[in-house]
Amino acid sequence: MQTQPTTTADLPRHSDLVEERLVRWYLIAACVYLTIAMLGGFLMGFQMIRYNPLAGIEIFSPGRWRMIHTNGVAYGFIATAFLGVLHWVVPRITLHPVLDHRLSYFIFFAWQVVILGTVVGIMLGEAQGLEWGETPVWIDPLAQVGLGLVAINFMAPIRHVKGPMYVTLWYFTAAFIWTFLTYAMGNFIPQYFVTGTSAGAIGGMFIHDLVGLFVTPLGWGAMYYFVPILLKKPIWSHGLSLVGFWGLAFFYPLTGIHHFLYTPIPMFLQYGAVLSTIAVEMVVTTVIVNFFATIRGSTGALRENIPIRWFYTGMVFYFLTCLQCAFQTTLTFQALIHFSDWVVGHAHMVMYGVFSQWLIGMMLYLFPRLWRTDWYSRRLLEWQYWLSAVGIAIMSADLIILGVFQGYMWASLAPWSDVIQFSIPWWALRIVSGVMIFASHMIFMTHMLLTWMKAVAERKQEAASNPSTVAQTV
Amino acid sequence: MLEKRSGVFFIAGLFFFGLAFVSQAVVPILMYRDQPEKTAEQLVNPNVRFQMEDLAKRFPESFKEAFGEIPAVGPEREAWLNQRCADALRIGRKAYTGEACWHCHSQFVRPVSNEDRRWGPVAKAEEYQNELQRPVLFGTRRVGPDLSREGGRRSNDWHAVHLFKPNSLISGSPMPAYPWYFEGSPDKPNKRGLSLILYVQWLGSWLESYPYYEDYKASPLRSPDARRPSPAIAVTSEGGKP
């Protein structure tokens, strides 16, 4: 980066780079959507233990809210929170603001329309028949344009970087293109252009690319940014970063069909998907090694530094899910566990255990800086962490073990209702773990409110003691 | 190249994605290009037509309100019923995806895990080359049974009562009730309800082994004109339902 200014006096000021209000809006909106999405999960969870307080009400049908649960987590929480984080990270790392702040605000409101439209559309029974992409077909074009604008808005500062870029920006640059292409591929091609089995292959790619090419690169990009800052030391090995990024870029897109093994999709394509999934696991291992070698010698941070603790917890879960993936994608495992709760356990471990926990960690880092005050209470931070980590560990273990039992019972041709009866206690335990995770999130929301009130009070005090300074926006 | 914007943008972002798209999506598209996509009208077969007329007989008031008066006789009646049948399949599929039925009921039978014993013949590619599989409804989870061979297994009455209140027929069923497909009672399905029942009855109606029963055995009685031994012997030698 030869053109970068050398003295701090030349550096652009933070306030010129980051539109803090927008970051706050995105992060708070994400937390609200996560609450809604979690409540949707509860509705389905309670239905499965045959206790549904809202039975018989069309717009609260558990099936519909199951889709609001998954879409709410993917687009409402994860995408919204990442947009907030990107508005902080990208301008700071490139030292250039985004293309246009007015465009940023337009994207913010357009994205809220997309999410609320999705929720309302699904509640009214307009869901599209595409897993993880049930957004009604009439919202898809708006979401597609929005993703294009997001890419343009953030690629503008990245365009100013000369020469080799830092790891974070490799992941982000790739993520902007991949997300746009993945969304277009998944939502339009199987709906309007191809049918049947080939559409299934594309549907599999969409499910997987949404995690692998949208959430994963944004997540790792953010980890490569936040972890060295918090630990105050560089990433252990730059070479391993290269292996991690390029391995992911090559192998990850090739894995989609592993969602539909033993379907009429040609067998040689299924084998290809299995092999590249196992290759992804090798690549993931290099990234994990790199990050754990980085924290070596600073492990005290896991106890003292709350965001670091969330990040590394997420990484442990990431390694577990990817290791699990390498096994479950083989035909032997698939024969047993496909269609069972194993897959549901896996999905929760990825989407909550890894990416949501990372994003919560990032919020725990960002909010004190956005509000210029410390968190209100250390105790609440600890409660939030432990409820979340233990909750997701119980939930995934419960569902994964249950999936194995279900697989054997189905293969043994046991009557279907016997399998349901067997599953009920396990589903009840899943509700308990869900309550823990929800409690953790409620503690977080309450804690945010308390901290914000503390920040407002501090600003007032400051303004009273020193009337000449202008109170900062809180 | 590996650390520069252009390398990341063009090689990782566009080229690798394109490579995956060609190998994972274009290849199956080309392989199945000789299997043309059928429209809902082309999917109407005698089995599903029978169910359509059965719905008209069982729920005459509801049927008339939903689809209108059936023409009395002749080719007009045939054409009318076929068209209403195709329309109902489309409406039924919309309800099926709108309610996320397919997130608990898969639509494909695998060649492993004894699935052909439980559900019926293993899924074939051509079964999915039609308008009602756009996007395809393979599904990834089975809370309830696979439905791709469900058509004709149970009566329309059964489906109406089951949709209205599942655990009145299957005690302990975790399936939600869908009373909004009925005007107050299971004998009064509305248009969406009739269409959804017809859609489920359509699943598997194109198979030779329709309707597929879990413990299906051919009749042990010899048919009067058969010279060969009854097919029941061949079936029972595989053993019945374990």
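Residues are numbered from 1 along each chain as its sequence is written, while chains are lettered from A and ligands numbered from 1 in the order in which they are written. Because the model is predicted, local features need pLDDT of at least 70 and side-chain atom pairs count only at pLDDT 80 or more, whereas totals for chains, interfaces and linings use all residues.

Chain A contains 15 helices and 0 strands. Its radius of gyration, taken over C-alpha atoms, is 23 Å, close to the 23 Å given for 474 residues by the globule rule (2.2 Å times the number of residues to the power 0.38), so chain A is as compact as a globular protein of that length. The C-alpha trace of chain A spans about 75 × 50 × 50 Å along its principal axes. Buried residues account for 54% of the 474 residues in chain A.

Helix α8 of chain A covers residues 238-251. Its buried residues are A:Ser241, A:Gly244, A:Phe245, A:Leu248, A:Ala249 and A:Phe251. The cover over these buried residues includes α6 (167-193), α7 (196-231) and α9 (267-295) of chain A, together with α1 (5-31) of chain B.

Terms used: Helices (H or I, at least four residues) and strands (E, at least two) are DSSP runs, numbered from the N terminus. The expected span of a helix is 1.5 Å times one less than its number of residues. A residue is buried if 20 or more other C-beta atoms lie within 10 Å of its own, exposed if 12 or fewer, and partly exposed in between; C-beta atoms are placed from the backbone. Two residues are in contact if their C-beta atoms, placed from the backbone, lie within 7 Å.
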